[in-house]
Amino acid sequence: LPQYTLWGPQPQALGPANLRLNTLRNQEAPKFALDQELKIILLNAPGKCLPYAVVEGMVKSVKETLDSQFVDNCKGVIQRLVLQEHKMVWNRTTHLWNDCEKVIHQRTNTVPFDLVPPNGSAGIAVRVNKPLEATELDLETVYEKFHPTVQTFTDIIGHYISGERPKGIKETEEMLRDRELVTGVGELVLDNNFIKLQPPKPGLQFYLSRVDFESLIRKQENKVKLWKALTLLFGLVTCATTFFILRRRYRRFRSEQERGRLHREMAEAKSRRMRELGKGEEADVSPAACSICLASERSCVFLECGHVCSCHECYRALPSPKKCPICRDVISRVVPLYNS
């Protein structure tokens, strides 16, 4: 018999999407043909079970099939009927109408079915257990119709007031047809001489897809690439946001340091000026004295900050661009100050 790796340790460093793809690609999910060799392999497997395997076969109903409610001569083993409401909802934040979809009714019917070798060739049948638990249950849309809502003028006014505008109801029927080729990925068990395909252990995905195994792998690869791209994008956005926040805080910190340094320099200049005038630090200086020369009266208002701290001569001596000595804001214009 060929040797298969039935089960092995899962790599811990991989994410969920990579883990599922890796499990599908390597020999931990071997692909088996629906023949007697599969039964022999199960008889020799521990517990008569293959924890994760792939089979491809044609759907065959065990008993009666399900008839489509809308399409003639359309029979299947799984039927899903969905009524979906479509409406426009007013977004008070963006002030736009947004599309909104809501499932108002859903019913799923199923009958027991097997996977048998295609084209009626000799082989064995695999009974599919709990098909509705499949992570990817690939059903074909056999009927779809949109019923638009008929609205009167009064209804339109009421909808604008309420913020909801109904568009209509979409009616959909999906089926897994009888005689459809299906790829099943899950746990294979030999029970009372019957082979069953059922959901695998937690951490592994159960698939029932209408595409072949290679197409299913490519589909999973595309999902992995999409998640990697989204992860990279969100990582870049997070790094850029963090950089701008830290840069803004650093600039604010430097601005506060610069402002403190200017205040200290002004205090030192004031002390030196007082000593030069022979008044000493304890001398009585007029509260209205210019904070730069300490000799003249303050005679101008700086805009837009509004500080009154300088005489006109000291203002003219400020270097360009002229900035307020107190807050370091750019002086856009000066208004004369008249003391009465």
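Rings of Phe, Tyr and Trp, the last represented by its six-membered ring, are taken to pair if their centres lie within 6.5 Å. On this basis Trp90, Trp97 and Tyr160 form one aromatic cluster in the structure, which is a predicted model. A search of the whole structure finds 5 aromatic pairs. In one of these, the rings of phenylalanine 70 and tyrosine 143 have centres 4.0 Å apart and planes at 5°, so the pair is classed as stacked. Because phenylalanine 70 lies in the loop between β3 (66-67) and β4, whereas tyrosine 143 belongs to strand β9 (residues 140-148), this pair ties together parts that are 73 residues apart in sequence. Phenylalanine 70 itself is partly exposed, with a relative accessible area of 31%. The rings of phenylalanine 243 and phenylalanine 244, by contrast, have their centres 5.6 Å apart and their planes at 70°, so that pair is edge-to-face; phenylalanine 244 counts as exposed, at 53% relative accessibility.

Charged side chains are also placed over aromatic rings. Arginine 165 lies over the face of tryptophan 97, at 4.8 Å from the ring centre, and the charged end of lysine 322 sits over the ring of tyrosine 315, 5.3 Å from the centre of that ring. Lysine 87 is located in strand β4 (residues 75-91) and counts as buried, because its relative accessibility of 14% falls under the 20% limit. The side chains of lysine 87 and glutamate 164 are joined by a polar contact of 3.4 Å.

As regards the overall organisation, the chain has 5 helices and 15 strands, and 33% of its 340 residues count as buried. Among contacts in the chain with a separation of 6 or more, 62% are accounted for by residues 24 or more positions apart. The largest nonpolar core has 34 residues, and those with the most contacts inside it are Leu38, Leu50, Leu115 and Leu188. Strand β2 (residues 49-61) supplies the largest share of this core, namely 4 residues. A second, separate core comprises 9 residues, including Ala29, Val54, Leu204 and Phe213.

For "domain: RING-type", UniProt lists residues 290-328, a span that is 15% helix and 10% strand and whose end C-alpha atoms lie 17 Å apart. Serine 291 is placed in the loop between α4 (213-276) and β14 (300-303), and this residue counts as buried at 17% relative accessibility. The side chain of serine 291 reaches the backbone oxygen of cysteine 309 at 2.5 Å. Once neighbours within four places in sequence are left aside, serine 291 is in contact with Met266, Arg298 and Cys309.

Notes
Residues numbered from 1 in each chain as written. Predicted model: local features only at pLDDT ≥ 70, side-chain atom pairs only at ≥ 80, totals over all residues. Heavy atoms only, no water. Helix = DSSP H or I, 4+ residues; strand = E, 2+ residues; numbered from the N terminus. Buried < 20%, exposed > 50% of the residue type's maximum accessible area, 1.4 Å probe, protein only. Polar contact = N/O pair within 3.5 Å; in protein donor to acceptor, adjacent residues only side chain to side chain. Phe/Tyr/Trp six-rings, centres within 6.5 Å; stacked < 30°, edge-to-face > 60°. Lys NZ or Arg CZ within 6 Å of the ring centre and 35° of its normal. Core = buried A, V, L, I, M, F, W, Y, C linked by side-chain atoms within 4.5 Å. Contact = heavy atoms within 4.5 Å. UniProt positions renumbered as here; feature names shortened; annotations may be inferred.
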